[in-house]
Amino acid sequence: MARILVIDDHDTLREGMAVTLTRSGHTVTAARSGTDGVSAYRKSPFDLVVTDLKMDGMDGIEVTRTLKGHDPAAVVMVVTAFGTIETAVHAMQQGAYDFITKPFTPDVLRAKVEKGLELSSTRRQVERLSARTEALESDAALAHGNLMVGDSEPMQRLVGMVRKAAATDATVFVRGESGTGKELVARMLHQLSPRKDGPFVVVHCAALAETLLESELFGHERGAFTGAVKRKLGRFELADGGTLFLDEIGEIPHSVQTKLLRVLQEKEIQRVGGEETLKVDVRVVSATHRDLQAEVKASRFREDLYYRLHIVPLQIPPLRERPEDITSLARHFVTKHAPRVNKRVKGMDDSTLRALARYAWPGNVRELENVIEQSLVFAEGETLTATDLPTHLTGTTPRSDSGLPVPMGDRPLPDILEDLERQLIARAYEKAGGVKTETARLLGIKTSALYYKLEKYGFIAKSERPEEN
């Protein structure tokens, strides 16, 4: 079953295509205009888009161009009554994979759609393989000690505990603030364990609704619920023989907590809608930024599950508690990102390192990496200087002698990050001389996203933002 978006301002044709494709077993969303169709796709990407060419407002060519700009892997088929070579070529130049001329029979539509879905499946597989390749490269680097950067005593103590825990098959619980590197620790546990040749599977629990999370973890049988047209293997089955990393475990609902406890106790699962009991051999590593003991006391998290997950606890120190690692981390990120972002930059001067050392890093290592990558965009010479850094690093949230941040109005992290984004956009906009396409290029974002942010931060009026760009 595939998710298909049909866009056509002609009611009869739109409804006819929707009925034909629904009867073929697909889930179809119908939009009566190009603008509505693009909006629907941005909320949730589809496997295939079928759009009429000639429509009032945003036509099929503009729909194709906009969708391909938003998602290069989008597969779009154009429907036209003007089946000339010129029309087809123009549509293909904008990113359409094929076109179909009116009038057409249901069989022709189905055949064209199946061809498009094959292409969509191939593109998504390529994306997954690319992601898997990046993960394998990260694992290879981890095996050689290249990713756990930091010589401070807290980090060396953590690395020692990870190595000891990796040699066992015990369930590990990782706790740390956002941005400290919980998934990296989980990957290190896997890579150094006897299971290193098995799969490493990640589930971001907070990103899934309750019904989806249960199916994602345990799988489901065909017909288990509306839309379950075929059997799906869950993450526990996919991780068999390897490691399953459950990120933000504190977000899972009670109903799923109960089933997860059974899996940890019995080492067996049942797919949703199934009766067969399946044995699984999985090492579970979980993580959260929450205080799970407080969650247990508030009856939001099962106490028995907490102790089952908490056999080997690992605490990742925040960056403010290991300031001596800031220099080595910053240099690591320059080496990592400069070849892609700004090949001229070879290092940093002392003023840059001093500015980085003074800041409290509420977003931890992730924030530091973002700052280095953003600063590389604006660096003019071979050395990253303090003037290349975001301005909030040079005058706000300084570090006290104890290594803790000095309160500066108790600004929450979202406000700090939003201020960082605003300043970054302002500098790029100025450097580009107000040319929006060049500003978007410097920032590495789409022009449509730039317009939204320029309006959000007051650089342009709402009337200046195109309806679709």
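Which residues line the largest cavity? The model is a predicted one, in which local features require pLDDT of at least 70, side-chain atom pairs count only at pLDDT 80 or more, and totals for chains, interfaces and linings use all residues. Residues are numbered from 1 along each chain as its sequence is written, and side-chain values use heavy atoms, with hydrogens and water left out.

**Exercise 1. Enclosed space**

Identify the lining of the largest cavity and state its volume.

Step 1. A cavity is a set of points on a 1 Å grid over the protein atoms alone where a 1.4 Å probe fits but cannot get out; lining residues have an atom within 4 Å of a point. Grid points are joined across faces, edges and corners, and a volume is the space filled by probe spheres set on the points.

Step 2. The volume of the largest cavity is about 40 Å³.

Step 3. Its lining consists of Phe236, Val263, Leu264, Lys267, Val280, Val282 and Val284.

**Exercise 2. Aromatic pairs**

Classify the pair Phe173–Tyr306 and the pair Phe218–Phe236 by geometry.

Step 1. Rings of Phe, Tyr and Trp (its six-membered ring) pair if their centres lie within 6.5 Å; planes under 30 degrees apart are stacked, over 60 edge-to-face and the rest tilted. Five aromatic pairs are present in the structure.

Step 2. Phe173 and Tyr306 are edge-to-face, with 6.5 Å between centres and 70 degrees between planes. This pair links distant parts of the chain, 133 residues apart: Phe173 belongs to strand β6 (residues 172–175) and Tyr306 to helix α12 (residues 303–309). Helices (H or I, at least four residues) and strands (E, at least two) are DSSP runs numbered from the N terminus.

Step 3. Buried means under 20% relative accessible area, exposed over 50%, and partly exposed in between (1.4 Å probe, protein chains only). Phe173 is buried because its relative accessibility is 3%, and Tyr306 is buried at 6%.

Step 4. The planes of Phe218 and Phe236 lie at 10 degrees with centres 5.9 Å apart, so this pair is stacked. Because Phe218 is in helix α8 (residues 210–218) and Phe236 in helix α9 (residues 235–238), the pair ties together parts 18 residues apart in sequence. Phe218 is buried at 3%, as is Phe236 at 1%.

Step 5. Phe173 and Tyr306 also join Tyr307 in a cluster linked by ring pairs.

**Exercise 3. The largest nonpolar core**

Determine which members touch the most others and which element contributes the most residues.

Step 1. A nonpolar core is a set of buried Ala, Val, Leu, Ile, Met, Phe, Trp, Tyr and Cys residues joined through side-chain atoms within 4.5 Å.

Step 2. The largest core has 29 residues, of which Phe236, Leu246, Ile249 and Phe301 touch the most other members. Two or more residues come from each of β7 (200–204), α8, β8 (243–247), α10 (254–266), α11 (292–297) and α12. The greatest contribution is that of α10, with five residues.

Definitions and conventions
1 Å grid on protein atoms, 1.4 Å probe; cavity = no way out; pocket = protein on both sides within 12 Å on 5 of 7 lines; lining within 4 Å.
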